[in-house]
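Here's a quick walk through the fold, strand by strand. Have the sequence and the model open as you read.

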Amino acid sequence: MNWINVKDRLPPNDVYVLVNIYDGRPKVSMNMIHIAARWDHIWIDDHNGDHYNPKYGTITHWMPLPDKPEKNNE
């Protein structure tokens, strides 16, 4: 799977995906990976249902979630 730039394409509404959040604050500058869903122009955190606040970072890329592991009989 490859990362998809949000400028090129957005995921379908109400589908959870992996997102890359770039935190470009001075002296912080890091990337974080989260699971989120999008509804129109609003991104929603899967952990607590909160909307992402742009002051804490910008979602730059996304990719579909991987398939669940196959059931293991062990």
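Two bridges tie β1 to β5, and these strands run antiparallel. Strands here are DSSP runs of E with at least two residues, numbered from the N terminus, and two strands count as paired if DSSP finds at least two bridges between them.

Before going further, a word on what you're looking at: this is a predicted model, where local features need pLDDT of at least 70, side-chain atom pairs count only at pLDDT 80 or more, and totals for chains, interfaces and linings use all residues. Residues are numbered from 1 along each chain as its sequence is written, and side-chain values use heavy atoms, with hydrogens and water left out.

On confidence, pLDDT is the predictor's own score for each residue, from 0 to 100. The chain averages 82, and 81% of the residues score at least 70. Confidence is highest in β1, at a mean of 96, and lowest in β4, at 82.

Back to the sheet. Five strands make an open sheet in the order β1-β5-β2-β3-β4, with antiparallel pairing. β1 (4–5) and β4 (42–45) are at the edges with a single partner strand each, so one side of each has no neighbour in the sheet. Some pairings, with a facing residue pair for each:

| Strands | Bridges | Facing residues |
|---|---|---|
| β2 and β3 | seven | I21 and M32 |
| β3 and β4 | four | R38 and W43 |

β3 and β4 also form a hairpin with two residues between them, and D40 in that turn has a positive phi of about 55°.

What makes up the largest nonpolar core? Eight residues do: I4, V17, V19, I21, A36, W43, I59 and W62. β2 (17–23) and β5 (58–64) are the elements giving two or more residues to this core, and β2 gives the most, with three. Such a core is a set of buried Ala, Val, Leu, Ile, Met, Phe, Trp, Tyr and Cys residues joined through side-chain atoms within 4.5 Å; buried means under 20% relative accessible area, exposed over 50%, and partly exposed in between (1.4 Å probe, protein chains only).

Leaving out residues up to four places away in sequence, A36 touches V15, Y16, V17, V19, W43, I44, D46 and Y52, where contact means heavy atoms within 4.5 Å.

Last stop: G24, in the loop between β2 and β3. At 46% relative accessibility, G24 is partly exposed. The C-alpha atoms of G24 and T58 are 8.0 Å apart, with 34 residues separating them along the chain.
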